[in-house]
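Thanks, everyone; I would like to take a few minutes on the model that is about to come up on the screen. Please keep the sequence and the structure in view while I talk.

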2 protein chains.
Amino acid sequence: MITGKNYIGNQLSAKGSKTYKTFNPQLNIENDPVYTEATLEEIDEAVTLASNAFKIFRTVSGQQKAEFLNTIADEILDLDDELIKTYCSETGLPEGRAKGERGRTIGQLRSFAQFVAEGSWVDATIDTAQPDRKPMPKSDIRKMLIPLGPVVVFGASNFPLAYSTAGGDTAAALASGCPVIVKSHPMHAGTGELVASAIVKAAEKTNMPNGVFSNINSSGIEVGTHLVKHPRVKAIGFTGSIKGGRTLYDLAAQREEPIPVFAEMGSINPVVILPEALKNQNESLAKTYANSITLGTGQFCTNPGLILGIKNEALSNFIQNLADEIIQIEPSCMLHPNIIGAYQRKKQTAISQPHLSVVASYEADVQTNYAKQAITTVEGKTFLDNPALHQEVFGPFSMVVQCENANQLEQIISQLEGQLTGTVITEPYEASKYTDVISALQNRVGRIIYNGVPTGVEVCPSMVHGGPYPSSTDSRFTAVGIHSIKRWVRPFSYQDWPNELLPDELKNENPLEISRLVNNKQTSDKL
Amino acid sequence: MITGKNYIGNQLSAKGSKTYKTFNPQLNIENDPVYTEATLEEIDEAVTLASNAFKIFRTVSGQQKAEFLNTIADEILDLDDELIKTYCSETGLPEGRAKGERGRTIGQLRSFAQFVAEGSWVDATIDTAQPDRKPMPKSDIRKMLIPLGPVVVFGASNFPLAYSTAGGDTAAALASGCPVIVKSHPMHAGTGELVASAIVKAAEKTNMPNGVFSNINSSGIEVGTHLVKHPRVKAIGFTGSIKGGRTLYDLAAQREEPIPVFAEMGSINPVVILPEALKNQNESLAKTYANSITLGTGQFCTNPGLILGIKNEALSNFIQNLADEIIQIEPSCMLHPNIIGAYQRKKQTAISQPHLSVVASYEADVQTNYAKQAITTVEGKTFLDNPALHQEVFGPFSMVVQCENANQLEQIISQLEGQLTGTVITEPYEASKYTDVISALQNRVGRIIYNGVPTGVEVCPSMVHGGPYPSSTDSRFTAVGIHSIKRWVRPFSYQDWPNELLPDELKNENPLEISRLVNNKQTSDKL
C-alpha cells in the first residue's frame, strides 16, 4: 500500500509540507497518491541512522548480507500485481517490460547475494612475516576490501526497478556493507516506495540494523543537494543526465572532504558501418537499426544516436532504407511529459543545425506523450565543425554522418566525447583493414560491439557499463555486473594483527574457504 | 651528466628563460647546476608526444613492458655514484638512505615488471555466448583492464627516488601502459634528471615509442597547473602536502572532462596506547617512539604525530620517559630550508595553542637546517575543541593526548580526519576490551598496526598506502604495492568480438596462460 511517506530507516515519516504526484503518460493524467518531500530534519535523521547502522553493518558476514539481499528479492516478488500496475501507471511502459525489468532486478540482487556469500570478492591478500629478514624484519600484512560508509543512490527515470530503489547501485552498495539512502525519483515515487517497503521488510526479517536503508522523497534539487553535501555521506551513485550528474559531481568535489561519485550519464553510442558490410547487408542493417533506435521509445542509455559511414552510394541507400524502415514503426509513449518535452526540444535544436538533412520524420498525429521518431544526416566536415551535433537527443532519434574517407572517420571518432559503447559493423575480412578506426573507437568507449546493436546490457561479470567522461564520471568502474561493487569499497591493511582479532577473511585457518593471494600465490588453502 | 634541461620525450630541451638551482642543506649552499623551467610550448609538446605514444604503448605486450621496466632499473644502477652523490647533495640525507631508497626503487620497478610479464593482473573475465538462451540469446562478452592514457606524476620531496621520477607512481603507470610525464621536483631536479636519463635510455634500448616518458622542470606552480588542465592528460599522481594535492584535485575536478587524481597527502598517524600496555612497557615504548618520531628527521608521511592514551599515572610517566628519550637524540638535517622553515612555523603554531604543555623541546644550538624535536601534551577535551591541534607538523614532532576515558578516546578518534595509518599498542589480553575504539580507528585509516610503529612502509601486495581523505584523495586505491596499478586503468568489454581480433589476454587459446574468470570460474585453461 502506497502511503506517500519517506522511509527514514524502518519508519514511515512525512513531516514536510511540500507534496507532489506522479504522472501516467499513457492516460495523460496525474496518479492519485500524494508524496511528501522529506524535510532537512528527516534527511539528517536518515543519514545519522545510516552512519550508526554502518558500525554494525560493515561487520555483518557475507552469508547474512546474502540472506538480506535474497529476502529483498523475495519481498519484491511478493509485491506482485501492485508493483507491476504502479510501475506501468508511472512510466507508460507495458506490463511485459515491467515484468522483464523486475526479473532483472531480482537477478541482480540474487547474483550479488551469491557473490558475497561466497566471499572471495574481498581480494584477500596476505604476506606473512619474515622475522629474520635482513636488514629489516618483515611484518605480517593482510589486506582486504572494506565498505566506504553510507552511500546515496539517485535512481534512473528510465529504469524504475533495475537502476533505482533496489537496482544495481543499491544492490552493489548493500552487498559491500554500505548502508544506502535512496533519493527517490519523483517520476516513479510509488514504484520507489513499494520497493523501499520490500527492502525495509527484508531488513527487519533478517535483523539488519535500523538505518541500513532509507527512501527519501523529493521533487526538486534541494534534497539531493543536501544529501551530497552531508559530511556523513561517503559516496554517490547516479544514473541520469550529464547536467544532473555533473552537478552532483561538482558538489561532491567541492566538499571539505571530497567523496567519490559514480555517475552514469549521457552517451550517443557511435556505430561505425564499414563499406563492405554496408554494401552486403544494407537492408537488414536498416531494419535492425530502425528497431534499435526506437526500442523502448529510444529511452535507453545505449541507444544508437550516431551512425558513421564512408560516403558512397551504399551509404546513401542505407540512409534511405533506414528512413523507410523507421517511418513504419508505430510511435510509442515516453516516460513523462518532461521527457517528451526535452526530446522535442532537443530534436528541434538538432534538426535546425545548418547543413543538415532530415531524412525521416514521423509526421502523423500521435497520442499525447508519444514520441515521433526522426533520422538526420550530415557530412563529416559539418559534424566535425559543429559540437551541437554531438549532443545526445534522448529518444527515438539518430544521425548518420557521411565521412569523406577512413581518415576523416578516424578523426571524427577521436574527437567524440567519451561513450558507453561503440559498435563496428563489418564483414569478417574487412575489420583488419580499419585497425586505426577501431583503435580510436576503443579509446572513446567502455564496451565495443562487433556486428550487433548497443541496446541490451547483459548483466554478467564481463560487462562494462561506464566509460570515459561524460558517459561516466569515473571510467575506472562499471555500473553493471558484480564488479560494480568496487565503486563502494576501499582496500584496508592489517599489520601484525593477531589471528583471533582478524576478520574471518584474513584468518590463518581461512574459515570461509575463500580464494586468497598468499605470499603471491592464489590459493584457498589455510596458512 | 646533468644538463639542467627538460626531457621532452627522448630529446633534451631548454627553450625557456626561467632558471633555478637546487640546494645542499648540509652545507647550506646552492648546488652548481642550473635548471631551465619548461615553457608552455615544451609542455604541450611533451603531452602531444605522450598522447601519440599512447596509441602504440597501450598495445605493447606485458613482456615488452617488463623489459622496459627492468632496463630502467639497470640504467638507474648504472648511474652509480653520480646518482648517490647528487641525491645526497640535494637532500641532506646520508648515503645509506640514498642507497636504501635506490634499492627500493629498483625493487618496485622489477616487481611491476614481473607482475605485467605474468599478465593475470588485467582481470580477464569471459562470459561465453548462449545463442539458444530464452527469451534473448546471450552475447559473448570479454572484459579486461586497459590503460587510461597519459599520466602526470608529481614526485615527493621526501622520497627523491622511490616516490619520484621512476618511483611507485611512474612504475605503476608505465606498467599499466600509460605514458608518463613527470613534473620534476625542484628540490631534487638533478636526481630527477639523472633518473629521467635512465628512463629515456631504457625506452630507446627497448624500442618504446618516443613520448612514453618526459621529465619537465619547474620551480613554481604554473607548470603543474598547465599539465593538470591539459585536455590530453588523463590522470594525475601526486605525493606531498594537503594544500598542494587539494589544489591539483580541484583543478582536475573543474576540467571540462574531469580526470582522476590520486594524491597521497598529509597524515598524523594516530597511535593508541591502551592502559595495560602503557603500564607494562612504559620505558621501552618511550624509547621506540622517540626513535620513530625522529626517524629521517620526522620526514615520513607515516610519522607518528599523535599519541592517544587514557589519563593516569602510567601515561604521565610515559610522557616524561618519551620526553627524556627524545631529548637525547641528536638533531638531524631537513631536506631544504623551505621544509625546515615550515617545520619551525608549524611547530610554533602548535605549541602556542592554549592549554597545551611542551614536555620536550630540544634547545641547544644545532647546524643550520637541522630540526629541533619537540613533544607536547594536551587534555582530551582541549584536543576535541581545537582543530588547530589536529594539523600535521611535518618533522620530528608529536603530541600526546590524555583522554578522560575510553569513551572520549573513541570520540576523538571518530572525529579525526582520514589517516594513512593507525596503531594500537596493547597487551594480548587487552585489545578485545576496546573493540569500539579499534573499530573507530579502522574507520579513519588505510592501515592498522598492532604493537609496532607506523614508520616503514613495506612494498608488498598486501600493503595499503592511502586512506580516507585527506590522507589520500581516493581511498579506493593504494599508492604502494603492485595493486597501485589499478589507479591508472579502466575495465573494457568486447562484445561478440572475433577471436583473432581480440587481445591475447582474451583469446580462446589463452596464449599468455594467464588466470581468467571464465563463466564464473577462475582458470588458466584455454576455452
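Predicted model: local features only at pLDDT ≥ 70, side-chain atom pairs only at ≥ 80, totals over all residues.

Let me begin with a pair of helices in chain B, H6(B) and H7(B), whose crossing is right-handed, meaning that the near helix is turned clockwise from the far one by less than a right angle. Helices here are DSSP runs of H or I with at least four residues, strands are runs of E with at least two, and both are numbered from the N terminus. The axes of H6(B), residues 222-229, and H7(B), residues 242-254, come within 9 Å and cross at roughly 35°, where axes are lines fitted to C-alpha atoms over the stretch in contact and angles run from 0 to 180 degrees between N-to-C directions. On the H6(B) side, B:Gly224, B:Thr225, B:Val228 and B:Lys229 meet B:Leu248, B:Leu251 and B:Ala252 of H7(B), contact being C-beta atoms, placed from the backbone, within 7 Å. By class this contact has four nonpolar, two polar and one charged residues, with Ala, Val, Leu, Ile, Met, Phe, Trp, Tyr, Cys and Pro counted as nonpolar, Asp, Glu, Lys and Arg as charged, and the others, Gly among them, as polar.

Residues are numbered from 1 along each chain as its sequence is written, and chains are lettered from A and ligands numbered from 1 in the order in which they are written. Chain A averages a pLDDT of 97, and 100% of the residues score at least 70, on the predictor's per-residue confidence scale from 0 to 100; the model scores ipTM 0.97 and pTM 0.97.

How do the two chains meet? In chain A, 51 residues are in contact with 51 residues of chain B. E21(A) gives the most to that side of chain A, with seven residues, and the side as a whole divides into 24 nonpolar, 15 polar and 12 charged.

A rotation of 180° with 0.0 Å of shift along its axis superposes chain A on chain B, with an RMSD of 0.0 Å, by least squares on the C-alpha atoms of residues with pLDDT of at least 70 in both. That is the relation of a two-fold axis. Of the residues of chain A, A:Ala253 comes closest to the rotation axis, at 3.3 Å for its C-alpha.

Methods:
Contact = placed C-beta atoms within 7 Å.
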